[in-house]
Amino acid sequence: MKRYKKGQQVYSLNHGWRFVEKDISVLPPTKQHDDVYGFSKAGAYRGPADANYDDADWEIVNLPHDWVTKHDFVEEGSPNQGYKERGIGWYRMRFELSEEDRNKQILLEFEGMSCDSQVYVNGSILKHNYSGYNSFCVDMTDMANFGVIPNTLAVRIDASAWEGWWYEGAGIYRNVWLVKKSEVHLAHDGIFIMPELEDNTTWKVHVSAEIENSFEYEHMVEVITCLYDQEGNLVGEAALTGKDIVCGYETATVTGEIYVNNPILWSVKQPYLYKAVTKLYKGNDCIDEVEEKIGFRTISIDAKDGFWLNGENIKLLGFCNHQDHAGIGVAVPYSIKEYRVRLLQELGANAYRCAHNPDPEILDICDELGVMVMVENRTYSSSEETLREVEGIVRQSRNHPCVILYSVFNEEPLQGTHKGRRMAGALQAAVRRIDDTRPVMGAFNGGYMEEEGASTILDVTGINYNPGRYDEFHKKYPDTPLIGTETASAFMVRGEYETDYSKNLINSYDDECALWGNTISEAWKMVVERPFVAGAFVWTGFDYRGEPTPFTWPSVGTFFGTYDSCGFEKDACYFYKAYWKQEPIVHIISPWSEGHETGTQIRIKVVTNCEEVALLVNDRIIDRKPADPINHVEFTASYEEGEIKAIGYRNGEIVANDYQLTAGKPASLEVSLSKETLVTDGFDAVAVNVTLIDQNGTAIPNADHTLTFEVGNGTILGVGNGDPNSHEDDVTNKRKLFHGKAQAIIAPIDKGSVVVKVSANELDLQTEVMIPVREVESFSYVEPVEERVIDNWRMYYQLFDEMPNPNPKVDKNDMNSFEPIAFNGAPQTQLTDQLHKYALYRCVANLGEAKENRYLYISDIKGYAWIYLNGELLASRTDSFGGHMIIDLPKEVKGNQVLTIIIHNENEEWPQAGICSPVVMKEL
Ligand code: GAL
């Protein structure tokens with residue numbers, strides 16, 4: 001979202017799509033000669049790809065959109081996809097381009113669609129994209145309609161198969177942009193800016209820019225890149241050289257260098273970004289401009305000491321994450337993604353693995369927040385298609401200072417084989433062709449010891465789980481850097497303190513993990529004790545839908561997350577805070593607040609990075625013990641109503657504490673927000689987090705009352721509560737509390753305030769919050785055109801001297817008596833200066849459902865005119881030569897019908913005649 005600069009010719013295509021969840025053929029209705037012949041031509045796809053298609057009963061949706069969220073959970077579904085079925089869907093959008101756009105390059109950028117997608121523009125297929133995770137650009141310039149005829153964009157998405165073993169959603173789940181560029185322009189993702197440290201203080205910033213000429217004439221151009229700091233001061237500039245005349249249809253690259261002394265570095269503590277503005281000039285006119293955020297930092301990784309950022313040896317403290325969030329599936333607004341990254345940072349994380357696919361918005365967010373990213377490719381293949389996809393991923397990622405690693409695969413059965421090595425080599429080469437400044441790696445679950453396997457060709461080896469083999473690998477390959485690309489896979493359900501396999505529940509003491517995994521503590525010990533292991537990417541930061549290991553139905557989400565699927569803290573969060581943060585942490589894990597019979601023995605684990613911990617019950621010291629920095633400390637205490645408190649000591653001094661109180665009766669609903677104010681840019685949303693609390697502010701531990709959300713000036717995108725076993729609806733305004741908490745994700749509609757009223761009717765409790773919405777300058781949105789244009793018109797190849805038969809016999813194999821014609825603003829040249837002649841036009845139009853109050857509208861028709869439906873006269877105009885016509889349609893007509901128009905040129909003062917504007921069908 002942040003990649004485009006407002007004010008350029010960039011328009012959001014996120015609003016007003018028509019959507020239907022079913023498959024529809026793009027083939028013509030018959031296999032007769034006329035249909036077969038017609039279909040074999042450019043622009044001839046039928047069905048939804050055809051301008052004339054009737055989509056009036058399709059749903060209107062905005063992006064990002066994941067159609068799976070509205071489905072029910074069904075037991076016959078796949079556990080991997082969270083027991084929701086996927087399938088096939090179509091999207092359509094009709095929009096206009098102006099006459100002034102005629103000499104521009106017109107691009108459609110799709111940031112991501114799940115999964116296999118085909119993009120049709122004005123009846124031609126312009127792209128078949130196979131992966132649901134890469135972004136791509138469609139150049140629609142050649143097929144575009146300018147002026148009065150709208151453009152028909154149709155997208156078919158086939159999500160019946162899967163690319164991953166987790167919830168993938170379905171639909172246009174990321175942004176879509178319409179970009180207009182000058183004839184000669186800076187190519188999409190064609191700018192690469194990479195600072196390199198020359199000596200202690202001087203940096204050489206390498207700049208290269210691709211100039212693309214999409215039209216036939218050559219242009220003389222100049223490219224200048226300027227670098228600005230955050231105050232807007234110019235810190236350097238370069239005129240790029242290598243080519244000044246770009247021929248028609250040529251792509252040329254120009255390069256240059258900018259020297260900068262002592263820049264402010266980008267780091268995890270201070271993620272300082274500079275702005276690089278690259279301008280393309282023709283003479284004195286700037287005809288294109290691209291802005292990139294860049295950062296000055298050095299990275300390196302070695303087999304002995306691991307990872308280095310700006311010369312400082314730091315461990316990569318990361319989480320792996322899938323894309324989905326509670327209630328909204330994979331259609332996650334930018335600000336919710338940002339919220340999630342911030343939550344991970346609160347645990348001390350400095351790294352993020354986009355598992356197992358790229359996500360461009362995460363890169364913008366991590367640049368800003370100072371989080372290092374492993375960008376991951378989805379498809380393991382060295383097919384031409386995949387290599388091109390990988391190049392696209394790297395072009396999109398390479399200017400981001402947060403990107404430190406490219407991973408070309410995850411857990412591939414061929415990883416340890418000769419074939420796997422060849423593929424890894426080809427993928428690594430594809431990455432390096434575009435960007436050779438970051439190491440390339442794979443995430444292995446075996447095969448890394450094999451000399452003929454991929455680990456001996458890639459820069460870095462990632463090992464998923466199996467930390468017991470880190471040493472063995474390091475011994476055999478002492479020069480290959482190593483990262484724990486997946487660690488832990490520990491299980492925990494928020495708010496549960498007893499494991500019950502019969503109810504698919506797992507406690508929060510860090511007792512359990514996947515068979516192939518480790519508990520949080522075991523996994524961290526193996527990494528922290530080995531300087532040569534550059535870091536750990538914990539599986540996972542957040543629970544995600546699907547893969548409900550170790551259970552199946554009725555579980556529909558994971559148990560791996562450190563946070564639950566809403567981003568509510570599990571006790572797991574505190575393990576990482578204790579391991580990764582310097583500040584003293586003390587956190588009690590126990591069900592004390594639930595209330596128990598007096599004298600019940602309660603297990604209490606205190607997670608801490610302090611040296612000693614004392615436990616107090618109602619202010620009486622029960623015990624004081626040294627704490628293990630990995631395994632922490634455990635106590636048992638006899639329950640009594642009131643407070644337990646844990647006090648942490650360093651050097652004998654109290655440095656931190658935590659307490660829990662027996663919860664009382666529900667007293668109120670406490671609301672916290674993921675952000676305090678919203679903006680009207682169309683990309684914003686807020687997570688409204690609700691906790692049921694007693695009069696002391698203690699969360700009511702086992703509360704499962706239903707909340708109702710009523711929202712003014714906002715739209716509920718989805719609701720959740722983090723329960724991996726819940727089958728409640730995602731897209732609704734009601735949700736049960738799970739261990740006292742639930743969440744709604746809400747997008748603002750307009751400036752002013754979003755008002756959210758939350759009620760727990762069973763308890764007669766309610767609360768209201770107002771979230772201010774600030775008006776901001778935003779992208780323009782493409783306005784969808786609703787009216788249906790009847791096209792596919794043909795005109796008889798010669799004019800008539802007499803009024804022709806309006807119902808001529810047209811043989812199925814006759815492709816030449818009528819020539820194709822479009823009504824796009826001008827009269828037909830065939831009729832110019834042809835006084836007293838008649839022209840005959842014909843088309844087979846899809847008139848859709850039988851309905852009252854429909855009419856055809858032609859805004860500009862010159863000459864006398866007669867309009868026929870299946871040879872029957874519908875309307876005529878013989879009293880004037882110009883202006884519009886309105887033709888009522890009989891209410892019973894439907895589907896495909898033959899329309900005929902006869903035009904007579906009879907005006908001596910007016911040499912021109914014909915149909916000058918599209919024929920559109922409207923409703924009263
Ligand atoms: C790994 C895999 C992940 C996830 C994880 C669960 O094998 O790469 O995608 O399935 O296991 O433990």
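The dialogue below takes up domains, cavities and the backbone.

Q: What kind of model is this?

A: It is a predicted model.

Q: Which domains does the domain assignment give?

A: The assignment lists domain 1 (2–181), domain 2 (184–294), domain 3 (320–580), domain 4 (596–661), domain 5 (668–781) and domain 6 (788–923). As for spacing, 53 Å separates the C-alpha centres of domain 2 and domain 6.

Q: How many cavities of 30 Å³ or more are counted?

A: A cavity is a space where a 1.4 Å probe fits but cannot get out. In this model the count is 10 cavities of 30 Å³ or more. The largest cavity holds about 190 Å³ of space. It is lined by 19 residues, and those closest to its centre are Ala 326, Arg 545, Gly 557, Ser 565 and Asp 723.

Q: What is the volume of the second largest cavity, and which residues are closest to its centre?

A: The second largest cavity has a volume of about 110 Å³. Of its 13 lining residues, His 322, Gln 323, Tyr 352, Asp 359 and Ile 362 are the closest to the centre. Two or more lining residues come from each of helix 2 (334–346) and strand 24 (351–354). Helix 2 gives the largest share, 3 residues. By type, this lining divides into 6 nonpolar, 4 polar and 3 charged residues.

Q: Which peptide bonds are cis here?

A: Most peptide bonds are trans. In this model, a cis bond joins Leu 63 and Pro 64, with omega about 0°. Pro 64 belongs to the loop between strand 3 (59–61) and strand 4 (87–95). Another cis bond runs from Thr 549 to Pro 550, with omega near 10°; Pro 550 sits in the loop between strand 30 (533–539) and helix 8 (572–580).

Q: Where does Tyr 465 lie, and is Tyr 465 buried or exposed?

A: Most residues other than glycine have a negative phi. Tyr 465, although not a glycine, has a positive phi of about 60°. Tyr 465 is placed in the loop between strand 28 (460–464) and helix 6 (470–476). Its relative accessibility is 7%, so Tyr 465 counts as buried.

Q: What is the phi of Asn 504?

A: Asn 504, which is not a glycine, has a positive phi of about 55°. Asn 504 lies in the loop between strand 29 (482–488) and helix 7 (520–528). With 9% relative accessibility, Asn 504 counts as buried.

Terms used
Residues numbered from 1 in each chain as written. Predicted model: local features only at pLDDT ≥ 70, side-chain atom pairs only at ≥ 80, totals over all residues. Heavy atoms only, no water. Domains from an automatic or database assignment. 1 Å grid on protein atoms, 1.4 Å probe; cavity = no way out; pocket = protein on both sides within 12 Å on 5 of 7 lines; lining within 4 Å. Points joined across faces, edges and corners; volume = space filled by probe spheres on them. Helix = DSSP H or I, 4+ residues; strand = E, 2+ residues; numbered from the N terminus. Nonpolar A, V, L, I, M, F, W, Y, C, P; charged D, E, K, R; others polar. Buried < 20%, exposed > 50% of the residue type's maximum accessible area, 1.4 Å probe, protein only.
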